[in-house]
Amino acid sequence: GPPPQQRGRDHHAGIELDLRDAYHGAQRTLTLHGAHLDEAGRLVNEERQLQVTIPKGVREGQLIRLAGQGGPGLAGAPAGDLFLEVHFAPDARWRIDGRDITQKLRVAPWEAALGAGVPVHTPDGKTVQVTVPPGSGGGRRLRLKGRGIPSSATPGDLYLELEIAVPGAVTPEQQAAWQALAASYPG
């Protein structure tokens, strides 16, 4: 009798994205390598290009399903699916936790002590003005609600972790300023 129909196998692959792709979505071209049997039963290697739409709001470890792009089916059965597992390229600028992002924010000692408006470059490519409250210490976290990875339900948050950057005293004026500071805080 005719050979039984058998659906093609599902294939799995990883795809590396930039965090910005999660904010805006992206188009990627994948090159898939596969093989099929020709009429004479010989194994023929093939490679094909595939356009992939990365949806906005993807998360680390999420699977993107490309229907019918897996292994071929037997005897006219449908092909399997291709599942792409999302990974974000390592980036020293931020930590990713689900939909929440933590990013370091360097401020000068006087900005931390007196409070300041500081421009911040966020992972979505925008620049926002952030208010550093007076009396902030290093390690303090400021929360920017809804500025993490987007989602139709609840977007993540962006956390700014304050890092106090201590400027050097190079010029005589800078040395005098540090000496005056030291004198105003007697031990």
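**Reading contacts in a predicted model**

Colleague: Which parts does the pair of E161 and R95 tie together?

Modeller: E161 sits in strand β11 (residues 158-164) and R95 in strand β6 (residues 94-97), so the bridge links parts 66 residues apart in sequence.

Colleague: How many salt bridges does the structure hold?

Modeller: There are 13. Among them, D124 meets R147 at 3.9 Å, N to O. D124 lies in the loop between β8 (116-121) and β9, and R147 in the loop between β10 and β11, so this pair ties together parts 23 residues apart in sequence. D124 also bridges to K126, with the closest N and O atoms 3.7 Å apart. D124 is buried at 11%, whereas K126 is partly exposed at 48%.

Colleague: What does the charged end of R141 sit over?

Modeller: The ring of Y159, with the charged end 4.3 Å from the ring's centre. As for aromatic pairs, the structure holds zero.

Colleague: And which residues make the nonpolar surface patch of about 500 Å²?

Modeller: I164, V166, W178, L181 and Y185. Y185 comes in the segment after α3 (172-184) and is exposed, with a relative accessible area of 61%.

Definitions and conventions. Residues are numbered from 1 along each chain as its sequence is written. This is a predicted model: local features need pLDDT of at least 70, side-chain atom pairs count only at pLDDT 80 or more; totals for chains, interfaces and linings use all residues. Side-chain values use heavy atoms; hydrogens and water are left out. Rings of Phe, Tyr and Trp (its six-membered ring) pair if their centres lie within 6.5 Å; planes under 30 degrees apart count as stacked, over 60 as edge-to-face and the rest as tilted. A charge sits over a ring if NZ of Lys or CZ of Arg is within 6 Å of the ring centre and within 35 degrees of the ring normal. Patches are made of residues with over 30% relative accessible area and no salt bridge: like charges are joined within 9 Å, nonpolar side chains (Val, Leu, Ile, Met, Phe, Trp, Tyr) within 5 Å. Accessible areas come from the Shrake-Rupley method with a 1.4 Å probe; for residues, only the protein chains shown count as cover. A salt bridge is a side-chain nitrogen of Lys or Arg within 4 Å of a carboxyl oxygen of Asp or Glu. Helices (H or I, at least four residues) and strands (E, at least two) are DSSP runs, numbered from the N terminus. Buried means under 20% relative accessible area, exposed over 50%, partly exposed in between (1.4 Å probe, protein chains only).
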